[in-house]
Amino acid sequence: MKIYSILLVVVLLGSCSQKALEAELASTKKALSDAKTKLTALETKGDLVHVVYFDLKETANISQFIIEIEKLREIEVIQSLEIGTFKDLGDQRALSEYELVMQMSFKDSAAYQIYQNHPIHLQLKATAKSVLAAPPATYDFVRE
């Protein structure tokens, strides 16, 4: 009788353990599926935003440099392009060392790579060397 009792306990523990493993596996599969869905949504959602801050030389012609930046609109993978000059609102945290900023958006990182290697962008980078006081700072993000 003791042997049957012990055997019954072992079988019950084994089945509980098996059920727990199956539940854990199902939970892991669901989490992986959810993560894939979220990643796909981010990739298809698009709107990768690229922001560039320019610190210009005091002698730089800002208007002429803006005209050069505007040429980027010809690059078909750019969804939007905004250009602005710094406005001092008295906030000590402001990035006041940058006189000019441009912000653009892309469908995805593949489109961004096309932009990076596009001849119009490469020409702008060459032109910018003569007006920049320091290398530009960038910030890239995906819209939520």
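**Strand pairing, core and helix packing**

Strand 2 (78-85) and strand 3 (100-106) pair in the antiparallel sense over seven bridges, where pairing requires at least two bridges found by DSSP between two strands. Strands (E, at least two residues) and helices (H or I, at least four) are DSSP runs, numbered from the N terminus. The model is predicted, and local features need pLDDT of at least 70, side-chain atom pairs count only at pLDDT 80 or more, and totals for chains, interfaces and linings use all residues. Residues are numbered from 1 along each chain as its sequence is written, and side-chain values use heavy atoms, with hydrogens and water left out.

Buried denotes under 20% relative accessible area, exposed over 50%, and partly exposed in between (1.4 Å probe, protein chains only).

The largest nonpolar core holds 23 residues, of which Phe 54, Phe 65, Leu 72, Met 102, Phe 106 and Tyr 115 touch the most other members. Such a core is a set of buried Ala, Val, Leu, Ile, Met, Phe, Trp, Tyr and Cys residues joined through side-chain atoms within 4.5 Å.

With residues up to four places away in sequence not counted, Phe 65 touches Phe 54, Leu 56, Leu 100, Leu 124, Ala 128 and Val 131 (contact: heavy atoms within 4.5 Å). Glu 68, found in helix 2, is buried, with a relative accessible area of 17%.

In helix 4 (residues 119-128), the buried residues are His 121, Leu 124 and Ala 128. They cover an arc of only 55 degrees around the axis, which puts them on the same side of helix 4; the arc is that of the directions from the helix axis to the C-beta atoms. These buried residues pack against helix 2 (62-70) and helix 3 (109-116).

Helix 3 buries Ala 111, Tyr 112, Tyr 115 and Gln 116. Viewed down the axis, these residues fall within an arc of 145 degrees, so they line one face of helix 3. Their packing partners are strand 1, strand 2, strand 3, helix 4 and strand 4 (137-142).
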